[in-house]
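Walk me through this fold, from the overall layout down to single residues.

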Amino acid sequence: MPVKEKIGIVVSNKMQKTVVVKVESRYPHPIYSKTMIKTSKYLAHDEMSECNIGDQVLVRECRPLSKKKRWSVAQIISKSSLIT
């Protein structure tokens with residue numbers, strides 16, 4: 001069974017060892033063929049708390065770690081230029 005992976009942007013790191021990752025998926029509208037954008041937010045486990053707001057990260061599906069947390073940060077693809 002393949003492991004699900006998604007690439008997204010960190011929008012919050014206020015929690016301990018947890019970040020909120022925003023993932024955008026683009027798809028054509030079934031009738032009008034306009035490109036639609038669907039945004040989903042995932043809670044991801046960040047063990048060392050090294051992610052900052054604006055970082056682009058790769059998240060990987062894992063076992064349930066809490067009520068809403070089912071993803072973990074696999075790697076930080078690019079660091080943000082924002083100073084927080």
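**From fold to residues**

Among contacts in the protein (heavy atoms within 4.5 Å) between residues at least 6 apart in sequence, 49% join residues at least 24 apart. The model is predicted: local features need pLDDT of at least 70, side-chain atom pairs count only at pLDDT 80 or more, and totals for chains, interfaces and linings use all residues. Residues are numbered from 1 along each chain as its sequence is written, and side-chain values use heavy atoms, with hydrogens and water left out.

The protein has zero helices and five strands. Helices (H or I, at least four residues) and strands (E, at least two) are DSSP runs, numbered from the N terminus. The order from the N terminus is β-β-β-β-β. Along the principal axes, the C-alpha atoms fill a box of roughly 45 × 35 × 20 Å. Of the 84 residues in the protein, 23% are buried. Buried means under 20% relative accessible area, exposed means over 50%, and partly exposed lies in between, with a 1.4 Å probe and protein chains only.

Now the pairing. Two strands pair if DSSP finds at least two bridges between them. Strand β1 (residues 5-15) and strand β2 (residues 18-28) run antiparallel, joined by four bridges. M15 has T18 in β2 as its bridge partner. Two residues separate the strands in this hairpin of β1 and β2, and K17 takes a positive phi near 60° there.

β2 and β3 are also antiparallel, and they pair over 11 bridges. S25 is bridged to K38 in β3. K22 has K41 in β3 as its bridge partner. The hairpin of β2 and β3 has six residues between the strands, and S33 takes a positive phi near 60°.

β3 has a parallel pairing as well: two bridges join β3 to strand β5 (residues 71-78). A44 has W71 in β5 as its bridge partner. In a regular strand the side chains alternate between the two faces of the sheet.

Next, follow the chain out of β3. D46 sits in the loop between β3 (35-45) and β4 (56-61). Which residues does D46 touch, not counting residues up to four places away in sequence? They are K17, T18, V19, C51 and V73. One of these, K17, is the positive-phi residue in the hairpin of β1 and β2.

D46 is buried yet has no salt bridge. A salt bridge puts a side-chain nitrogen of Lys or Arg within 4 Å of a carboxyl oxygen of Asp or Glu. Lys and Arg count as positive and Asp and Glu as negative; His and the chain ends are not counted. For D46, the nearest side chain of opposite charge is K79, 7.9 Å away. A polar atom of the D46 side chain does lie 3.1 Å from the backbone nitrogen of C51.

How many disulfides does the structure hold? The structure holds zero. C51 is in no disulfide, and the nearest cysteine sulfur, that of C62, is 14 Å away. A disulfide is a pair of cysteine sulfur atoms within 2.5 Å. The sulfur of C62 is therefore too far from that of C51 for a bond, at 14 Å. Are the two cysteines buried or partly exposed? C51 counts as buried because its relative accessibility is 2%. C62 counts as partly exposed because its relative accessibility is 26%.

Conventions. A polar contact is a pair of N or O atoms within 3.5 Å; within protein, one must be able to donate a hydrogen and the other to accept it, and residues adjacent in sequence count only if both atoms are side-chain atoms.
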